[in-house]
Amino acid sequence: MTRKPAIYAATLSLLLLAVYWPGLHGPFLFDDYSNILNNPLLRIDTIDFQALKSAALSLASGPLNRPVAALSFALNYHFAGGYSELAFKATNLMIHGLSTLVLFWLCRQVVATPAATSHLNPNRRWLIPLAVTAAWALHPIQLTSVLYVVQRMTALAGLFAFLTLGCYLRGRLALAAGNRPLAWLFWGGIAPLTFTLGLYSKESTVLVLVLIPLFDWILLPEQRPWRLWQTLNRRSQHTIAFAGLALLVVIVSGLTSHFAPQYGARPFDLSERLMTESRVVWFYLSLILFPQLTRFGLYHDDIPISQGIFEPVSTLPSILGLLILLVTALSLRKRQPLIALGLFWFLGGHLLESTFIPLEIAHEHRNYLPSAGLLLALVGGVAWAADSQQKNGYWLLLPLVIISL
């Protein structure tokens with residue numbers, strides 16, 4: 001590690017500790033009780049295989065039971081000598097700090113790709129990872145992922161998702177270089193491991209399988225298989241695109257059929273949730289871009305359900321707005337790859353918890369992974385404005401934003 005990243009890491013770590021210190025002494029909340037405090041299998045007195053196995057399989061959260069997160073709770077209990085709020089929340093903060101460093105490393109891989117470097121001032125390129133990670137780490141929307149203990153599941157999933165994306169991109173760049181087979185094999189071997197750890201922390205890590213091809217398509221358009229796509233005739237391209245669309249329809253239909261019966265326990269059906277979530281995603285976006293403390297909270301149960309595309313009236317504009325965001329990302333893919341990637345990252349990060357699964361309508365921790373993408377798009381836009389207009393003063397906006405956060 002060179003001196004600059006080391007100084008940055010130390011400074012940001014101190015800032016995170018200072019910002020979160022008061023909250024480390026706060027109480028357990030909400031689902032902390034059912035998953036942690038009232039779970040006797042987490043109260044391990046000795047470190048042995050059977051105790052660790054029972055603790056790891058003790059949660060009923062998600063189809064995979066999230067054993068990595070459960071095991072971390074058990075180890076917290078053992079080494080703290082009980083349910084210490086400080087110990088549990090400090091561990092969450094350490095995970096958040098580690099996620100911040102990994103995100104910084106991931107963003108450095110992003111700006112090192114050919115598509116990104118051709119659009120950036122090489123003397124200012126290092127500012128992008130710096131600004132994205134500082135804003136992401138200190139943003140108040142991350143608070144529930146850090147101080148709400150049970151959402152360590154989300155924080156661990158984010159950590160391993162960032163690791164998987166970074167390892168994949170590092171290996172892909174080594175493969176593109178053509179003369180680094182050992183590096184490609186090394187990073188390519190780590191990525192499945194980190195992906196698996198993420199899945200067993202929280203199932204939302206599966207979104208990495210959506211983000212990886214998006215990263216590849218936008219940042220490495222001249223590499224295979226995208227280069228091969230350009231050699232196909234129009235008929236072949238249309239055939240493959242149609243087959244892909246048909247497969248997507250089959251997958252979505254299967255998922256919606258699977259989850260539809262579970263809506264019986266909710267005061268809304270599938271179509272109502274989908275319409276409502278179009279407004280919720282814009283609510284999340286507003287919290288990230290225009291944060292106001294009075295709008296943040298552990299619960300957002302006051303969001304009205306959309307009964308139709310005009311009820312409430314904001315439903316249709318929200319749906320159209322998401323489509324416009326998607327089209328904007330597509331149109332900027334070649335001209336402004338960082339903005340395009342950031343928008344796809346944000347939207348792709350909400351494909352599970354903000355679509356068909358019958359969960360509660362809104363929670364801020366669902367933005368732990370997606371918010372990094374939106375901030376990348378924002379910082380990429382500042383970089384573009386500074387370079388295109390030859391005004392470095394635009395960069396001064398970023399420290400002001402970070403200080404305000």
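Of the 12 residues of helix H7, 11 are buried, so H7 is largely enclosed by the rest of the structure. Buried here denotes under 20% relative accessible area, exposed over 50%, and partly exposed the range in between, with a 1.4 Å probe and protein chains only. Helices are DSSP runs of H or I with at least four residues, strands are runs of E with at least two, and both are numbered from the N terminus. The model is predicted, so that local features need pLDDT of at least 70 and side-chain atom pairs count only at pLDDT 80 or more, while totals for chains, interfaces and linings use all residues. Residues are numbered from 1 along each chain as its sequence is written, and side-chain values use heavy atoms, with hydrogens and water left out.

The buried residues of H7 are Leu127, Ile128, Pro129, Ala131, Val132, Thr133, Ala134, Ala135, Trp136, Ala137 and Leu138.

With neighbours within four places in sequence left aside, Ile128 is in contact with Val111, Leu120, Leu338, Leu376, Val379, Ala383 and Trp395, contact meaning heavy atoms within 4.5 Å. In soluble globular proteins, nonpolar side chains tend to be buried together.

Pro370 lies in helix H17 (residues 370–388) and counts as buried at 1% relative accessibility. Pro370 touches Trp345, Phe346, Gly349 and His350, residues up to four places away in sequence not being counted. Pro370 and Trp345 are 25 residues apart in sequence, and their C-alpha atoms are 6.0 Å apart. Ala69, in helix H4 (residues 67–80), is buried at 0% relative accessibility. Its contacts, again without residues up to four places away in sequence, are Met153, Leu156, Tyr200 and Ser201. Ala69 and Cys107 are separated by 38 residues in sequence and by 26 Å from C-alpha to C-alpha.

On the surface, Leu175, Leu182, Trp184 and Leu185 form a nonpolar patch with about 430 Å² of accessible area together. Patches consist of residues with over 30% relative accessible area and no salt bridge, like charges being joined within 9 Å and nonpolar side chains (Val, Leu, Ile, Met, Phe, Trp, Tyr) within 5 Å. Accessible areas come from the Shrake-Rupley method with a 1.4 Å probe, and for residues only the protein chains shown count as cover. Helix H10 (residues 181–199) supplies the largest share of the patch, 3 residues. Leu175 lies in helix H9 (residues 152–177) and is partly exposed, with a relative accessible area of 41%.

The structure holds 5 salt bridges, each a side-chain nitrogen of Lys or Arg within 4 Å of a carboxyl oxygen of Asp or Glu. One of them joins the side chains of Glu203 and Arg66, at 2.8 Å from N to O. Glu203 lies in the loop between H10 and helix H11 (208–219) and Arg66 in the loop between H3 and H4, so the pair ties together parts 137 residues apart in sequence. Both Glu203 and Arg66 are buried. In another, the closest N and O atoms of Lys202 and Glu353 are 3.1 Å apart. Lys202 lies in the loop between H10 and H11 and Glu353 in the loop between helix H16 (337–348) and H17, so this pair ties together parts 151 residues apart in sequence. Lys202 and Glu353 are both buried.

Backbone geometry was also examined. Most residues other than glycine have a negative phi, and most peptide bonds are trans. Phe30, which is not a glycine, has a positive phi of about 50°. A cis peptide bond, with omega about 0°, joins Glu311 and Pro312.
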